[in-house]
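I opened this notebook to record what I looked up in the structure, beginning with the chain as a whole and then turning to single residues.

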Amino acid sequence: MSINLSNNYQALGTSFSEQTLPAPVAQPSLLLWNEPLAKALTIPFSKDNDAELLAQYFSGNQLIEGSKPVAQAYSGHQFGHFNPQLGDGRAHLLGDIADIQGQRWDIQLKGSGVSNFSRQGDGRCALGPALREYIMSEAMFSLGVPTTRCLAVVTTGENVYRERPYDGAVVTRIAASHIRVGTFQYFAARGDTDSLKKLTNYAINRHFPELLPTSSEGTSDKSDGNKADNEISSQQVLEFFSAVLSKQIPLVLSWLRVGFIHGVMNTDNTTISGETIDYGPCAMMNAYHPETVFSSIDRNSRYAFGKQISIMQWNMTRLAETLLPLVDSDEDDAVEKIEPLLSQFHQDLQQGYLTMMAAKLGIDEPAEGDGKLINDLITLMKEQKLDYTQTFTALTASLTDSYNDNPNDVSLTNVLNEWLPRWNTRIESFKAAALTLMVSNNPVVIPRNHHVEALLESCQETGDLTALNKFLAVLRQPYTEITETKNYQDAPVDGGKDYHTYCGT
């Protein structure tokens with residue numbers, strides 16, 4: 001049995017990454033193994049039968065056959081300030097693997113040792129942040145949010161020193177790719193147009209093969225994307241940029257739909273594949289307020305809940321800037337060609353937000369007046385400090401035959417007494433369809449911050465995963481109430497006003 005790795009990104013060359021081996025750990029032990037994901041990736045191992053080998057592979061102690069580990073190079077705007085050289089300071093791309101549908105996925109170790117990009121870091125990861133990434137990415141996947149996922153968490157038998165010693169861990173991340181806006185910025189900052197062309201070709205081959213020219217037989221002319229002399233037309237670049245924009249719309253709207261706050265939407269954490277990446281300072285909304293921020297490092301509220309659409313537009317503008325030399329040799333002409341795509345992106349995000357929020361209220365096709373209906377509701381939610389998830393859960397439940405206005409949750413008749421009749425009138429003629437739509441758009445449970453933190457603390461102190469596995473079982477069915485769901489639906493007593501998240505590095 002083997003894991004059939006390829007090294008397509010590594011083949012781009014030394015300008016794109018640094019060849020470097022994971023640093024061995026003292027005593028690797030497989031803590032978590034994502035069996036369904038492993039099966040989808042055609043990985044022929046199981047925790048029951050192969051735990052020791054998996055611990056060796058996914059700690060970095062033993063290389064998977066065919067793997068050529070690298071640390072990827074990229075730049076990034078961090079909280080608005082440009083850093084021309086970031087890169088993987090504690091991660092190793094092992095290679096890529098095809099799933100059962102033939103789609104390729106990166107396999108990356110995180111917390112696996114230093115590289116030349118480490119910037120004085122120790123290259124390691126504590127157990128808590130590794131478990132957080134596993135919990136949050138599985139929850140987001142089940143919520144229907146585009147996301148990277150975790151295949152494994154391996155404990156290292158070593159301490160990681162932050163403000164105090166913590167157990168160390170290595171987490172294995174699966175992504176459609178790890179190409180970021182910052183990857184393009186890395187080459188643009190160096191004026192390396194040849195590498196920009198090479199990267200764009202590779203990205204098209206990897207993510208948007210429908211943009212490839214077709215041969216005379218009508219089939220796509222797939223190149224390997226790795227040739228230094230690959231040419232790319234201005235039209236292809238514009239189509240590529242448009243395709244990247246289209247991936248960001250469902251991403252950020254999904255965040256807003258479920259109340260997710262990324263916390264660190266830097267350009268190096270914005271993937272062209274439109275996946276959620278980096279679960280360090282993230283958190284979930286409790287009482288609704290558009291300015292909600294939990295990240296301890298977001299001191300100016302740059303990445304607040306209600307700013308995520310505008311920040312995504314800002315990040316995509318930074319990507320547009322890197323592509324200008326490939327669009328036209330005259331910068332003014334290049335800007336003239338690419339600006340309409342950004343304008344359309346803005347319009348699509350605004351319309352998408354209206355459509356998404358309308359769906360949360362059971363309205364499939366927003367009509368005139370629905371924008372005001374939505375805005376009036378979220379204004380009331382803000383004024384009354386209503387819990388985001390509980391409010392929409394209660395509205396959904398109010399359309400069922402067995403509904404009781406539960407005083408322990410959101411009491412709709414008390415706080416929405418003037419708004420509620422307007423909404424009921426709007427959906428009166430299609431209540432059954434409205435209920436179906438709302439059930440699929442409004443989760444009954446989310447990874448509440450206080451529950452996540454309690455489980456992380458318990459797991460780190462005891463090593464017992466029983467409670468964590470019960471939590472995961474509920475989070476993997478976020479639109480269905482099972483017996484245990486009620487154990488995780490409560491909002492924090494203080495609304496989470498003093499809760500803070502940290503980057504975990």
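**Entry 1. The chain as a whole**

For the count of elements I took helices as DSSP runs of H or I with at least four residues, and strands as runs of E with at least two, numbered from the N terminus. On that basis I found 15 helices and twelve strands in the protein chain. I then looked up the radius of gyration, which is 23 Å; the globule rule gives 23 Å for 505 residues, so the chain is as compact as a globular protein of that length. I note here that the model is a predicted one.

I looked up the extent of the C-alpha trace, which spans about 65 × 60 × 45 Å along its principal axes. Of the 505 residues, 55% count as buried. I also checked how far apart in sequence the contacting residues are: among contacts between residues at least 6 apart, 72% join residues at least 24 apart.

**Entry 2. Helix α2**

Which residues of helix α2 (residues 47-57) are buried? I found Asp50, Leu54, Ala55 and Tyr57 to be buried there. I then looked up what covers the buried residues of α2, and the cover includes β2 (29-33), β7 and β9 (149-161).

**Entry 3. Arg132**

I located Arg132 in helix α3, which covers residues 127-143. Is Arg132 buried or exposed? Its relative accessible area is 9%, and the limit for buried is under 20%, so Arg132 counts as buried. The side chain of Arg132 is joined to that of Glu453 by a polar contact of 2.2 Å. Apart from neighbours within four places in sequence, I found Arg132 in contact with Tyr279, Gly280, Cys282, Val452, Glu453, Leu456, Tyr499 and Thr501.

**Entry 4. Thr276**

I found Thr276 in the loop between β11 (260-261) and β12 (283-284). Thr276 is buried, and its relative accessible area is 0%. With what does the side chain of Thr276 make a polar contact? I recorded such a contact with the side chain of Trp255, at 3.0 Å. The side chain of Thr276 also reaches the backbone oxygen of Pro146, at 2.7 Å. With neighbours within four places in sequence left aside, the contacts of Thr276 include Met140, Val145, Thr147, Thr148, Leu251, Phe260 and His262, as well as Pro146 and Trp255.

**Entry 5. Pro443**

I located Pro443 in the loop between α13 (431-441) and α14. At 4% relative accessibility, Pro443 counts as buried. The C-alpha atoms of Pro443 and Arg257 are separated by 9.3 Å, although these residues are 186 apart along the chain. Beyond neighbours within four places in sequence, I found Pro443 in contact with Leu143, Val258, Thr389, Thr393, Pro478 and Tyr479.

**Entry 6. Asp464**

I found Asp464 in the loop between α14 (449-462) and α15 (466-475). With 42% relative accessibility, Asp464 counts as partly exposed. The side chain of Asp464 makes a polar contact of 2.7 Å with the side chain of Thr466. I also looked up the separation of Asp464 from Leu31: they are 433 residues apart in sequence, and their C-alpha atoms are 10.0 Å apart in space.

**Entry 7. Ile482**

I placed Ile482 in the segment after α15. Ile482 has a relative accessible area of 24% and is partly exposed. Not counting residues up to four places away in sequence, Ile482 touches Ala473, Val474 and Gln477.

**Entry 8. Positive phi values**

Arg119, in the loop between β7 (104-110) and β8 (125-126), has a phi near 55°, a positive value in a residue other than glycine. Where does Ser301 lie? I found Ser301 in the loop between β12 and α7 (308-327). The phi of Ser301 is positive, at about 60°, although Ser301 is not a glycine. At 22% relative accessibility, Ser301 counts as partly exposed.

Note on methods. Residues numbered from 1 in each chain as written. Predicted model: local features only at pLDDT ≥ 70, side-chain atom pairs only at ≥ 80, totals over all residues. Heavy atoms only, no water. Rg over C-alpha atoms; globule rule 2.2 N^0.38 Å. Buried < 20%, exposed > 50% of the residue type's maximum accessible area, 1.4 Å probe, protein only. Contact = heavy atoms within 4.5 Å. Polar contact = N/O pair within 3.5 Å; in protein donor to acceptor, adjacent residues only side chain to side chain.
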